[in-house]
Amino acid sequence: MTTKKVVTVTLNPALDLTGHLNALNVGSVSLVDKGDLHAAGKGVNVAQVLSDLGAEVTVTGFLGTDNEEMFCQLFDELGVNDQFVRVPGATRINVKLVEQSGATSDINFPGVEVKPIDIEQFERTLFRLAEEHDYFVIAGSLPKGISPQLCARWIQKLHDLDKKVLFDSSRAALAAGLEANPWLIKPNDEELGEFTGRSLHSAEECQSAAMTLADKGIENIVVSMGADGVMWLNNHHWVRSQPPKMEVVSTVGAGDTLVAGLCWGHMQEMDKPELLTFATALSALAVSQVGVGVKSLEELEALQKKIQFHELS
């Protein structure tokens, strides 16, 4: 049965200050050609793409009261249900510097500090939403006051309630969350290498590393490899997609767009070839544009037909 209802959880949102420049001069002055400031965070980006695709999105997490205006404005524009818990202080600003070559440097600041009273309010919100939603996307880093173990407990409880949790994080949060039965994870090759403690230089090495995670009982393991496409392990079976060569404008939000595509594809009960080519096309389009979101469904449909799909042994 298809559904349109989904909850995205952004525990540590950010205002993204993105600057486009010819080349970054490390240790010296760099002149930015153009820049913009917008509400973001991995779960917020996922919400934006899902909303563009036609989902009924509820957003939650923690939001600083000092600078919430851009978030409120975005949520109004998207028509999403804002269930963020407001906390004292300012939501962090992250700086993303995009060079003409497509290389992106991220400078991520710490977020607000979350107190026990805020956590209690968030837990009430999350599990109230679980009464009427089956899909939850938990994405991004953790703010001060939220331990990886606490985040993992939320994932485990949602799993115990038969909810489908798509979990996209990194480092300690990812390591703890992997033990909590998320339904789908989407590490990129670098994050997968970090977790397994070795550099991964080929699709075969990524497959081998991902198989160690399958032993933890994670139903869907999706490995994004940038221009080399996407691999998906489900029920001991690998499939892979390969996009055509894209002109890279910015990779900001491409991973979040892939997560949104995977989520929407499952919500709409697409079969594997359609789902993976759809999500891959969505992510490939994302690198060819500035900003997050689905600009043209026609362009998406045309690109999806050019995505190669392979069954792997």
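## Aromatic pairs

Tyrosine 135 and tryptophan 183 are both buried in this structure, which is a predicted model. Across the whole structure, a search finds five aromatic pairs. One of these joins phenylalanine 75 to phenylalanine 84 in a stacked arrangement, with 5.6 Å from centre to centre and 10° between the planes. Phenylalanine 75 has a relative accessibility of 3% and therefore counts as buried, and phenylalanine 84, with a relative accessible area of 7%, is buried too.

In the pair formed by tyrosine 135 and tryptophan 183, the ring centres are 6.0 Å apart and the planes stand at 85°, so this pair is edge-to-face. It links distant parts of the chain, since tyrosine 135 belongs to strand β9 while tryptophan 183 sits in the loop between α5 (171–177) and β11 (184–185), 48 residues apart. Elsewhere, Phe62, Phe122 and Trp154 are linked into a cluster by ring pairs.

In soluble globular proteins, nonpolar side chains tend to be buried together. Here the largest nonpolar core contains 50 residues, and Val6 and Leu50 are those with the most contacts inside it. The elements that each contribute at least two residues to this core are α1 (42–53), β4 (56–64), α2 (69–78), β9 (135–139), β13 (230–234), α8 (254–267), α9 (272–286) and α10 (297–304). Helix α9 gives the largest share of this core, namely eight residues.

Apart from this core lies another one, made up of 46 residues, with Phe127, Leu142, Met231 and Trp238 among them.

## Leucine 50 and cysteine 263

What does leucine 50 touch, when residues up to four places away in sequence are not counted? The contacts of leucine 50 are Val6, Thr8, Ala55, Val57, Ala260, Cys263 and Trp264, and Val6 is also named with Leu50 as having the most contacts inside the largest nonpolar core.

Cysteine 263, one of the residues that leucine 50 touches, is placed in helix α8 and counts as buried because its relative accessibility is 0%. With residues up to four places away in sequence again not counted, cysteine 263 touches Val6, Leu50, Tyr135, Val137 and Leu166. The C-alpha atoms of cysteine 263 and valine 46 are separated by 9.3 Å, although these two residues are 217 residues apart along the chain.

## The second largest pocket

Rolling a probe the size of a water molecule over the atoms shows where empty space is left. The second largest pocket holds about 280 Å³ of space, and its lining consists of 17 residues, of which Asp36, His38, Ala39, Gly291 and Val292 lie nearest its centre.

At least two residues of the lining of this pocket come from each of β2 (14–21), β3 (34–40), α1 and α2, and α2 provides the largest share, four residues.

Asparagine 94 has its place in strand β7 (residues 93–99), and with a relative accessible area of 4% it is buried. Leaving aside neighbours within four places in sequence, asparagine 94 is in contact with Ala14, Leu15, Asp16, Leu17, Ile107, Asn108 and Phe109.

Serine 224 lies in strand β12 (residues 220–224), and this serine counts as buried because its relative accessibility, 11%, falls under 20%. Not counting residues up to four places away in sequence, serine 224 touches Lys186, Pro187, Asn188, Asp189, Gly229 and Leu258.

## Loop residues with positive phi

Most residues other than glycine have a negative phi, and most peptide bonds are trans. Asparagine 235, by contrast, has a phi near 55°, a positive value in a residue other than glycine. Asparagine 235 is located in the loop between β13 and β14 (237–242), and its relative accessible area of 61% makes it exposed.

Glutamate 269 likewise has a positive phi, of about 55°, although it is not a glycine. The loop between α8 and α9 is the place of glutamate 269. Is glutamate 269 buried, exposed or partly exposed? With a relative accessible area of 48%, glutamate 269 is partly exposed.

Key:
Residues are numbered from 1 along each chain as its sequence is written. This is a predicted model: local features need pLDDT of at least 70, side-chain atom pairs count only at pLDDT 80 or more; totals for chains, interfaces and linings use all residues. Side-chain values use heavy atoms; hydrogens and water are left out. Buried means under 20% relative accessible area, exposed over 50%, partly exposed in between (1.4 Å probe, protein chains only). Contact means heavy atoms within 4.5 Å. A nonpolar core is a set of buried Ala, Val, Leu, Ile, Met, Phe, Trp, Tyr and Cys residues joined through side-chain atoms within 4.5 Å. On a 1 Å grid over the protein atoms alone, a cavity is a set of points where a 1.4 Å probe fits but cannot get out, and a pocket is an open set with protein on both sides within 12 Å along at least five of seven lines; lining residues have an atom within 4 Å of a point. Grid points are joined across faces, edges and corners, and a volume is the space filled by probe spheres set on the points. Rings of Phe, Tyr and Trp (its six-membered ring) pair if their centres lie within 6.5 Å; planes under 30 degrees apart count as stacked, over 60 as edge-to-face and the rest as tilted.
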